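Here is a short report on one protein model. Look at the structure first, then read on.

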Amino acid sequence: MSETPAALPDALLTQLLDLVDRLRDDSAGFLDTPGDQQLWYNRGYANGMVLALRRLGHGERLAGRRPDDAAQLAAHLALPWGRAYRHGETRGSDETLEITGTHAT
């Protein structure tokens, strides 16, 4: 995590957090729906966004938005929906860094 938050316009950070919330709301039951790869991808995308924003130093603005529990996901990661989750997580993180004009370190 960065010591100093990356400078982001407040409106952009608000839009990113709104997207995280929308994706998480829409995928709230993802653990109960194994096999729905799109649902798992969306949840992973939101998780990747949270991870990227934490790395950028915006943990305080994330408030109660925490990364998904890795222990709950572990049994699913080798399965198609688990791989969809990981792909979404990677894309969510990468695209958040791209949108914010920062680079992965």
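**How to read the model**

This is a predicted model, in which local features need pLDDT of at least 70, side-chain atom pairs count only at pLDDT 80 or more, and totals for chains, interfaces and linings use all residues. Residues are numbered from 1 along each chain as its sequence is written, and side-chain values use heavy atoms, with hydrogens and water left out.

The score pLDDT is the predictor's confidence in each residue, from 0 to 100. The chain has a mean pLDDT of 93. In it, 92% of residues reach 70 or more. Confidence is highest in α2, at 98, and lowest in α3, at a mean of 92. Where pLDDT is low, the predicted coordinates should not be read in detail.

**Helix α2**

Helices are DSSP runs (H or I, at least four residues), numbered from the N terminus. Helix α2 has 19 residues. From its first C-alpha to its last, α2 reaches 26 Å, close to the expected 27 Å. That expected span is 1.5 Å times one less than the number of residues.

Several α2 residues are buried, including Trp-40, Tyr-45, Met-49 and Leu-53. Buried means under 20% relative accessible area, exposed means over 50%, and partly exposed lies in between (1.4 Å probe, protein chains only). The buried residues of α2 pack against α1, α3, α4 and α5. Just after α2, Gly-57 takes a positive phi of about 95 degrees.

Which residues does Ser-93 contact? Contact means heavy atoms within 4.5 Å. Ser-93 is found in helix α5 and is buried, at 9% relative accessibility. Leaving aside neighbours within four places in sequence, Ser-93 contacts Gly-48, Met-49, Ala-52 and Arg-55.

**Nonpolar cores**

A nonpolar core is a set of buried Ala, Val, Leu, Ile, Met, Phe, Trp, Tyr and Cys residues joined through side-chain atoms within 4.5 Å. The largest one has 17 residues. Met-49 and Leu-53 have the most contacts inside it. Helices α1 and α2 each supply at least two residues of this core. Leu-53 touches Leu-8, Leu-13 and His-58, among others, not counting residues up to four places away in sequence. Apart from this core lies another, of six residues, among them Phe-30, Leu-39, Trp-81 and Tyr-85.

**Aromatic pairs**

A pair of aromatic rings is described by the distance of the centres and the angle of the planes. Rings of Phe, Tyr and Trp (its six-membered ring) pair if their centres lie within 6.5 Å; planes under 30 degrees apart count as stacked, over 60 as edge-to-face and the rest as tilted. The structure holds four such pairs. Two of them are listed here.

| Pair | Centre distance | Plane angle | Type |
|---|---|---|---|
| Phe-30 and Tyr-85 | 6.1 Å | 15 degrees | stacked |
| Tyr-41 and Tyr-45 | 6.2 Å | 40 degrees | tilted |

Phe-30 sits in the loop between α1 and α2, while Tyr-85 is in helix α5, 55 residues apart. Phe-30 is buried, at 4% relative accessibility. Tyr-85 is buried too, at 0%. Ring pairs also link Phe-30, Trp-40 and Tyr-85 into a cluster.

Tyr-41 and Tyr-45 both lie in helix α2, four residues apart, about one turn of the helix. Tyr-41 is partly exposed, at 22% relative accessible area, whereas Tyr-45 is buried, at 13%.
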